[in-house]
Each structure stands twice: as C-alpha cells, then as structure tokens.
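Work through the exercises below with the sequence and the model open. Each task is followed by a solution in steps.

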Amino acid sequence: MGFNTEARALEDEIFRLESQLAAAYNKLKSIDASEPFVPPSTLQTSPIRSVYSQQSPALLLLSDSALPLGSFAFSSGLESYLAHHPASKLPPIEPFVSLALQTLATTSLPYLLSAYRDPSLLQELDDTLDASILCHVAKRASAAQGRALLTVWERAFRATVDSRLVSANALAIISAEMKKLPSATPQGAAALEMPVVGHFAPVWAVVTQALGISIHDSAYVFLLNHAKAVLSAAVRASVIGPYQAQAVLGSGWMRAEIEGLIQANWHVAIEDAGQGVPAMDLWMGRHEMLYSRIFNS
C-alpha cells in the first residue's frame, strides 16, 4: 500500500509552505489589526492563486452546512456526554470539541490521507476501516454519511469530472458495488455484514481528490465540518447559543487545533490508526441506553 515517494515529498513541501504562509498572514494582521490585509495584486494572477481559485467552488460546496450528508442527526457522543454530567455543572464545550476532533483525527484521518494518495485503494481502505471501528454507533454514523456523500457525488458532482480519472473510476466501482447490495441501510446490524460499506473518511478523500481539492484542504475541511456538526448539536441541545458556536468556529484556537491534528497525523499509517480518546467510544456506545434522546449518536 505504498505510494510515490516524490509525490509524498511534494505534498510535505506544499503543507510546509502553506503553514508558513498562514503564519505570515497572521503576523501581518497582528502588526496592524486596524487595516484589513489585502494580498498584493501580483499574487492574484500567479499560478498558485489560480490553482486555489479553481478548487474554491467545490471546496465551498463541501464545507456548506446544507450539504445533505445527514450530519445534523448525529451529536458524535455529545448528548451522552452531557447526560453523564450534572445539569447544573455542564462543562465548557471547547474540551469536548477538542476530544471529538482528536477522535476523528486518530481513527479516520490516516484513512483519508491514504485514500487521497492512492484512490485505487478505496474499496480496500473502506473494508479495513470497517473492521477497525470498534464502536457500533460510530460505525453506523460513518457509513450513513459516507453513503450520503456517494449519493451527492452521483447526482451532483460526477458529471463535472473527467471519468478517466483514477479517483472517478474508484468512486464508480464502489457505487456500482453498493447498488448490487440489498436495500438495507446502514441502520442496524445489517450494515456490519455488508462487504462494501462506504465509510465517510475514504469516500470524502476520493471525492475531494476527483474535484481537484488539495490534500491539506481536504483534511482541514473534513475536520472543520465535524467541529461544525458537534457545535450545531450543542446549539440544538441548548448548551451554547448560535453566536458562541460561531465564535468557537472562527477562533484562532480552532484553526490551531485542526492544523495541529493534521500535522500530527500526516505520516500516520492506517496500521497505526486507533482511538485516541477511549472515553469517546463509551459515550457514543452508551447513547442508545439514554432514557430519551434527540440524536442518532
């Protein structure tokens, strides 16, 4: 399951340069926060700038909360986490968001990066990830969102992509395999026996690769969308207000948290992927034991 060493070196170099550029922007803003930063006009016509402008529409669509992936139905363990704390002593939301992001990064991000680097391994990575997720609630949520993304790909994005691409071909194969399966959905134990599940992380990686989104942006938006889903659940659970949720999403802490997790897991092989927050499996696993609940997980 290796990949081209030269391509890996170029990806690392791009990631390093993007991190340096972001740090330079933040430093410039801190020097004179009274005036908004305007990039030099030369950058707007440079090859690098034109590459980013080409991927922007797809990136904006995939980061939209209205993307029909069904993430609003899942709290990623938040509802169970809150139920195990006294109502009068609810903890701040930021620590849980950090744990939720760490869980996703340690369990799913290595599969996302591997699938992006070699889309032809999509079905194999999907099968391996299915065997690696221990919590049945997390497995069901991942399968449901992955299948929803495949539906979005088939109905909205596929026609805009060259079918000769390796990533487009990999998506066509897994979609065809899933159409052969019975009409059973990822709800319940039937999903655990399916040879092709369509887990969210590897499917997301191959879709973003087919749409021309960079590997770093693919990983960043994947984690950011998860943070948005958790904070949206917190708002609907009346833990925080909508303005506080946006403040957390737009904070420097959130950017640093996501960038740190990407960097920490950039070279992690799927063989080394695992649950970084064991308590999260307990919270998610006990969700179905709650007396009343408003989320699926």
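**Exercise 1. State what share of the chain's residues count as buried, and describe the chain's elements.**

Step 1. Of the 297 residues of the chain, 46% count as buried, where buried means under 20% relative accessible area, exposed over 50% and partly exposed in between, with a 1.4 Å probe and protein chains only.
Step 2. The model is predicted: local features need pLDDT of at least 70, side-chain atom pairs count only at pLDDT 80 or more, and totals for chains, interfaces and linings use all residues. Residues are numbered from 1 along each chain as its sequence is written, and side-chain values use heavy atoms, with hydrogens and water left out.
Step 3. The chain has 14 helices and 0 strands; helices (H or I, at least four residues) and strands (E, at least two) are DSSP runs, numbered from the N terminus.
Step 4. Contact means heavy atoms within 4.5 Å. Among contacts in the chain with a separation of 6 or more, 81% join residues 24 or more positions apart.

**Exercise 2. Describe how helix 7 and helix 10 pack.**

Step 1. The axes of helix 7 (residues 122–132) and helix 10 (residues 200–210) come within 8 Å and cross at roughly 160 degrees. Axes are lines fitted to C-alpha atoms, for helices over the stretch in contact, and angles run from 0 to 180 degrees between N-to-C directions.
Step 2. Helix 7 and helix 10 are therefore roughly antiparallel to each other, a term for angles over 145 degrees.
Step 3. Leu122, Asp126 and Leu129 of helix 7 meet Ala201, Pro202, Val203 and Val206 of helix 10.

**Exercise 3. Which residues have the most contacts inside the largest nonpolar core?**

Step 1. A nonpolar core is a set of buried Ala, Val, Leu, Ile, Met, Phe, Trp, Tyr and Cys residues joined through side-chain atoms within 4.5 Å.
Step 2. The largest one has 77 residues, and those with the most contacts inside it are Leu112, Trp153, Leu211, Leu223, Leu231, Met254 and Ile262.
Step 3. Helix 11 (residues 215–236) gives the most to this core, with 12 residues.
Step 4. Beyond four places in sequence, the contacts of Leu223 include Leu101, Leu109 and Ile262.

**Exercise 4. Is leucine 78 buried or exposed?**

Step 1. Leucine 78 lies in helix 4 (residues 78–83).
Step 2. Leucine 78 counts as buried because its relative accessibility is 0%.
Step 3. Leaving aside neighbours within four places in sequence, leucine 78 contacts Ile93, Phe96, Val230, Ala233 and Ala234.
Step 4. Leucine 78 and alanine 234 are 156 residues apart in sequence, with their C-alpha atoms 7.4 Å apart in space.

Notes:
Parallel < 35°, antiparallel > 145°, perpendicular 65-115°, else oblique.
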